Amino acid sequence: MARLSRLILSNFRNFAALDLDVPSGVVVFYGANAQGKTTLLEAVYLLAIARSFRAENEREVVSFSAAASGDQALVGGILDKAGERVQIYAGYSCTAPSAAVPGPDAVGPGLNYSVRKEIRVNRIRRTAADLVGTVGAVLFNAEDIDLVQGPPSGRRRYLDILISQANPLYLKALQRYTRIVRQRNRLLRLLREGRAENSELQFWDDRLVTEGAWLSWQRASALTLLGDLCSDHHQTLTSPGELLSLEHLPSVPVGDGVEATADHFRGALADRRSRDLAAGSTSLGPHRDDFKLLVDGVDMGTFASRGQARTLALALRLAEASYLLQVRQDEPVVLLDDVLSEMDEDRRTRVLEKVVGYGQSLITTTDLDLVRGYFGNQATYFRVGDGAVTPLQTS
């Protein structure tokens, strides 16, 4: 089992400095809103997936005062994994602000700075793709309802994070594929403008098919196992008899293997070439895929109530944790960001019964009594406020 034993923050959002020993088992961070509870889980999840789950760009995670003075920010963690200690650091270097005319990335009146991130694992510089999978983590948060009722991009991101943590090759293939789509789209626009030759497109089509077919096959395989796990968890969260299933919606049919999928992809791409040229963009491939959740055959993306959607999202996250445990043979760190207050008592109890079975679960809440009523002295409690994290002494 891998567990986080220490969390180190410097100039990360509202934490000027933090060096926290993190125990095993259930750890509860409580306090008022806007005190930094979510920031702690954001930092832990960043160590797992190499980026913030709630920032659109790297500048957002650096405290404003640090950015204004050109100081560095840091997220660090010590992992105990398979009898070894693994040190992970993500450092953020800021340029000094300028009073010049703000650019498109300016933050604040007249301020314009950039942030460069550097990742090191055991003091060796690594890429984000190298880091992902070092430790598995699953995050439950209030926005998870969008996995059911939101746009396809959120569900694709969910799958990509899941598979990337389980298979180190997946993220690198996804990064290559994304670059290929970008290059192909640029060429399509040049062709539309008469500034390139049609023969140039074949090179990018071949690369698109090679990478895209493999990604599609990996997603289809993952969804098969994930669907079974979702169904099992859903049964324990809802009335007996309701059957949840996941349906893959690839833009290109998935064949019996990667080669068959590539054949489908190649043919579909040829059929869509004139349309892609007219639009100046690639209309087929993993970047257009989706999946939907069905309960007794009914599409929940369209017909679920808000309460049903929240339960389905919980089933997806619980299945994600089970998937990582089964595929990685290693327990993920479970992160619950203030989601318990939105559940009724029965559902809350069922979720806590599941997450407490993992070696380390980090929970945030504004209602300490709600969590202590379930865990009592079996959890470790920290108060979060005024940029500090203080342990609660229990009798």
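Two strands are taken to pair if DSSP finds at least two bridges between them. On that basis, this predicted model contains an open sheet of 6 strands with mixed pairing, in the order β8-β12-β13-β3-β14-β15. An open sheet of 3 strands is also present, with antiparallel pairing and the order β9-β10-β11.

- From one strand to the next, the twist averages 20°.
- Strand β3 (residues 25-30) and strand β14 (residues 380-385) run parallel and are joined by 4 bridges.
- Within this pairing, Tyr30 has Arg383 of β14 as its bridge partner.
- Helix α13 (residues 368-375) packs on the sheet, where α13 touches β3, β13 (360-365) and β14.
- The direction of α13 makes about 170° with that of β14.

- Strand β10 (residues 290-295) pairs with β9 in the antiparallel sense, over 6 bridges.
- Leu249 stands opposite Asp290, a residue of β10.
- Helix α11 (residues 306-328) packs on this sheet and touches β9 and β10.
- The angle between the direction of α11 and that of β10 is about 115°.

**The pair of helices α7 and α8**

- Two packed helices are described by the angle between their axes and the distance between the axes.
- For helix α7 (residues 201-237) and helix α8 (residues 258-271), the axes come within 8 Å and cross at roughly 130°.
- Angles over 145 degrees count as roughly antiparallel and those from 65 to 115 as roughly perpendicular; α7 and α8 are therefore oblique to each other.
- Their crossing is right-handed.
- On the α7 side, the contact is made by Asp205, Leu208, Val209, Gly212, Ala213, Trp214, Ser216 and Trp217.
- These residues meet Val258, Thr261, Ala262, Phe265, Arg266 and Leu269 in α8.
- By class, the contact of α7 with α8 comprises 9 nonpolar, 3 polar and 2 charged residues.

Technical notes:
Residues numbered from 1 in each chain as written. Predicted model: local features only at pLDDT ≥ 70, side-chain atom pairs only at ≥ 80, totals over all residues. Heavy atoms only, no water. Helix = DSSP H or I, 4+ residues; strand = E, 2+ residues; numbered from the N terminus. Contact = heavy atoms within 4.5 Å. Axes fitted to C-alpha atoms, helices over the stretch in contact; angles between N-to-C directions. Parallel < 35°, antiparallel > 145°, perpendicular 65-115°, else oblique. Left-handed = near helix turned anticlockwise from the far one by under 90°. Nonpolar A, V, L, I, M, F, W, Y, C, P; charged D, E, K, R; others polar.
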